Structures are given as structure tokens and as C-alpha cells.
Amino acid sequence: MVAVVRATLKRWAGSGTVHVLFAFLAMGGWAMFANRAHAMPQPLYSGLLQGALSACLTLFLKSVIDALSRRFTGAAGLWAPPLIACLGSASLLTVLHALIGTPEIASTIAVPLLVSTSYASIYNYSLSRRKGSDHDG
């Protein structure tokens with residue numbers, strides 16, 4: 001039984017669909033929570049927008065970091081790709097939430113930006129380590 005559960009969890013962890021769905025639910029839920037003090041349907045709109053944006057960012061973030069990491073070398077290769085991804089995400093999230101009238105924009109986007117920038121930084125670091133080891137051998 002434990003082996004079946006473990007195999008199922010491993011399969012889910014490797015599924016892009018599960019990652020996108022989790023991003024939608026977790027970050028959309030966060031946006032609803034961040035805007036809970038405001039009248040409905042605004043928390044719902046903010047949650048749906050953030051969920052959709054987080055799902056899309058989850059799909060594209062890895063590809064963006066892959067592309068940017070090839071353009072930078074040295075120290076800039078460590079900080080530039082995640083910074084560019086963070087600034088792009090922050091700009092997109094801020095503009096779109098402002099357009100729909102999200103009342104608590106900073107609170108709404110803080111957690112998704114923290115999560116995506118952390119992922120981008122860790123993933124970019126792993127790429128830079130791989131590039132370094134490719135030149136060592």
C-alpha cells in the first residue's frame with residue numbers, strides 16, 4: 001500500500017498538469033484571501049486572475065530561465081535571469097491586477113512573486129552549476 005501511494009505521489013510530482021493546477025489553486029486562493037476584506041465579487045475576480053496568471057507563469061518560467069541563462073555568463077549569469085523573470089512577472093501581475101481593480105495588489109502578488117522568484121533563482125543556480133561542471137571535465 002505504501003509503495004502504491006509513493007508511486008502515485010511521484011507520478012503526480014512529475015506531472016506538469018498537476019503543477020499548473022496546484023499553482024492555480026494555491027495562488028488563486030492566496031489572492032482571494034489577500035482581498036477577503038473587500039466586497040464580493042472582487043476577491044473572486046482577483047483570485048481567478050491570479051490563479052490563471054500563476055498557472056501560465058508556471059508553464060513558462062522554466063523556459064524563460066533556460067533562454068536567459070544561455071545569454072548571460074559569469075556573475076551576471078547567476079543574478080540576471082531570475083531578476084529579469086521577477087521584474088517581468090511583477091510588471092505583468094501589477095498591470096493586470098490594476099486593470100481589474102484588485103484592491104490589495106501588493107499583498108496579492110507578494111506570495112506568487114516570492115514563490116516564482118525563489119524557483120527561478122534555484123533553477124537558474126542549478127543550470128549555472130551544470131554549465132560550470134560541463135567546463136570542468
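Ser46 lies in helix α3, where helices are DSSP runs of H or I with at least four residues, numbered from the N terminus. Ser46 is buried, since its relative accessible area is 0%; buried means under 20% relative accessible area, exposed means over 50%, and partly exposed is in between, with a 1.4 Å probe and protein chains only. Leaving out residues up to four places away in sequence, Ser46 touches Ala31, Asn35, His97, Ile100, Thr102 and Pro103, a contact being heavy atoms within 4.5 Å.

The model is predicted, so local features need a pLDDT of at least 70 and side-chain atom pairs count only at pLDDT 80 or more, while totals for chains, interfaces and linings use all residues. Residues are numbered from 1 along each chain as its sequence is written, and side-chain values use heavy atoms, with hydrogens and water left out. The protein chain has an average pLDDT of 89, and 91% of the residues score at least 70, pLDDT being the predictor's confidence in each residue, from 0 to 100. Within the protein chain, confidence is lowest in helix α1 (residues 2-13), with a mean of 70, and highest in α4, with a mean of 96.

Helix α2 comes next. Its 19 residues should span 27 Å at 1.5 Å a residue, and its end C-alpha atoms, 26 Å apart, agree with this; the expected span is 1.5 Å times one less than the number of residues in the helix. Val20, Ala23, Met27, Gly28, Ala31 and Ala34 are the buried residues of α2. They lie on the same side of α2, because they cover an arc of only 120° around the axis, the arc being that of the directions from the helix axis to the C-beta atoms. On the other side of α2, Thr17, Phe22 and Leu25 are exposed. Between α2 (16-34) and α3 there is a loop, and Pro41 has its place there; the peptide bond from Met40 to Pro41 is cis, with omega near 10°.

Helix α3 (residues 42-71) also holds Lys62 and Asp66, which are 4 residues apart and therefore separated by about one helical turn. An α-helix has 3.6 residues a turn, so residues three or four places apart point the same way. Lys62 forms a salt bridge with Asp66, their closest N and O atoms being 3.0 Å apart, where a salt bridge is a side-chain nitrogen of Lys or Arg within 4 Å of a carboxyl oxygen of Asp or Glu. Lys62 is partly exposed, at 40% relative accessible area, whereas Asp66, at 16%, counts as buried.

Helix α4 (residues 76-100) has 25 residues, which should span 36 Å at 1.5 Å a residue, and its end C-alpha atoms are 36 Å apart, which agrees. Among the buried residues of α4 are Gly77, Pro81, Ser89 and His97. Ser89 has a relative accessible area of 5% and touches Leu57 and Leu113, not counting residues up to four places away in sequence. Just after α4, Gly101 takes a positive phi of about 80°.

The largest nonpolar core has 7 residues, namely Leu49, Leu53, Leu57, Ala90, Leu93, Ile109 and Leu113; such a core is a set of buried Ala, Val, Leu, Ile, Met, Phe, Trp, Tyr and Cys residues joined through side-chain atoms within 4.5 Å. Helices α3, α4 and α5 (105-136) each supply at least two residues of this core, and α3 gives the most, with 3 residues. Apart from this core lies another, of 6 residues, among them Leu61, Ile65, Ala85 and Leu127.
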